[in-house]
Amino acid sequence: MIYITRRESFNAAHKLSRADWSDDKNMATFGKCANPNWHGHNYQLYVTVKGEVNPETGFLVDLKWLKKVVNEHVIDKVDHRNLNLDVDFMKGKLASTENLAIAIWDILAPLIGEAGANLHCIKIYETENNYVEYFG
Ligand SMILES: Nc1nc2c(c(=O)[nH]1)N=C([C@H](O)[C@H](O)COP(=O)(O)OP(=O)(O)OP(=O)(O)O)CN2
Ligand SMILES: [Zn+2]
């Protein structure tokens, strides 16, 4: 078993708030992250794939292919966007890093499976100090 990781970066706005809660409750729960006029992050996304090395190519998966899949299906949809308003796969979800990691897993796992490998981990740094890892 071998593991290979592609890192991508994106910039996105969001806020942590629930439409079915009052402003006061959102502020009490999420603090400054519930600021109604949004705030943004420079996110770092790490997509780790696991599997066996193809003896003919020496590859688990071609990193150029992985870059293309991650960019087409994730980065192009989130970069310079508002996670709450613009991103179809986050509609109706609280825009936390946990929910973002789960949503990205759900998009990429089947695509990577079709290529004969397995998605191992989605890791997202929201800030330098905060990151989430999701293993499915
Ligand atoms: N479990 C979670 N908690 C929080 C999330 C999250 O996605 N999951 N997100 C946030 C906010 O988005 C917030 O913007 C994080 O910013 P902050 O707390 O300021 O993070 P920093 O690393 O910049 O803070 P330092 O104090 O400088 O370490 C909040 N909680
Ligand atoms: Zn935030």
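**View 1. Polar contacts to ligand 1.** A polar side-chain atom of His41 sits 2.9 Å from an oxygen atom of ligand 1. The model is predicted: local features need pLDDT of at least 70, side-chain atom pairs count only at pLDDT 80 or more, and totals for chains, interfaces and linings use all residues. Residues are numbered from 1 along each chain as its sequence is written, chains are lettered from A and ligands numbered from 1 in the order in which they are written, and side-chain values use heavy atoms, with hydrogens and water left out. Thr97 uses its backbone: a polar atom there is 2.8 Å from an oxygen atom of ligand 1. A polar contact here is a pair of N or O atoms within 3.5 Å.

**View 2. The shell around ligand 1.** The shell holds 13 residues, each with a heavy atom within 4 Å of the ligand. The closest are Cys33, Thr97, Glu98, Glu126 and Thr127. By class, two are nonpolar, eight polar and three charged. Nonpolar means Ala, Val, Leu, Ile, Met, Phe, Trp, Tyr, Cys and Pro; charged means Asp, Glu, Lys and Arg; the others, Gly among them, are polar.

**View 3. The zinc site.** Which atoms hold the zinc ion (ligand 2)? Its protein donors are His14 (NE2), His39 (NE2) and His41 (NE2), at 1.9 to 2.0 Å. Donors are N, O and S atoms within 2.8 Å of the metal (3.2 Å for Na, K and Ca); water is not among the atoms, so the site may look incomplete. The donor spacing in sequence is H-x24-H-x1-H. His14 in strand S1 (residues 2-14) and His39 in strand S2 link distant parts of the chain, 25 residues apart. His14 counts as buried because its relative accessibility is 1%. His39, at 22%, counts as partly exposed. Buried means under 20% relative accessible area, exposed over 50%, partly exposed in between (1.4 Å probe, protein chains only).

**View 4. Strands S2, S4 and S5.** S2 and strand S4 (residues 118-125) run antiparallel, joined by seven bridges. Tyr46 has Lys123 of S4 as its bridge partner. Four bridges join S4 to strand S5 (residues 131-134), again antiparallel. Ile124 stands opposite Val132 in S5. A hairpin of five residues connects S4 to S5. Strands are DSSP runs (E, at least two residues), numbered from the N terminus; two of them pair if DSSP finds at least two bridges between them.

How values were computed. A polar contact is a pair of N or O atoms within 3.5 Å; within protein, one must be able to donate a hydrogen and the other to accept it, and residues adjacent in sequence count only if both atoms are side-chain atoms.
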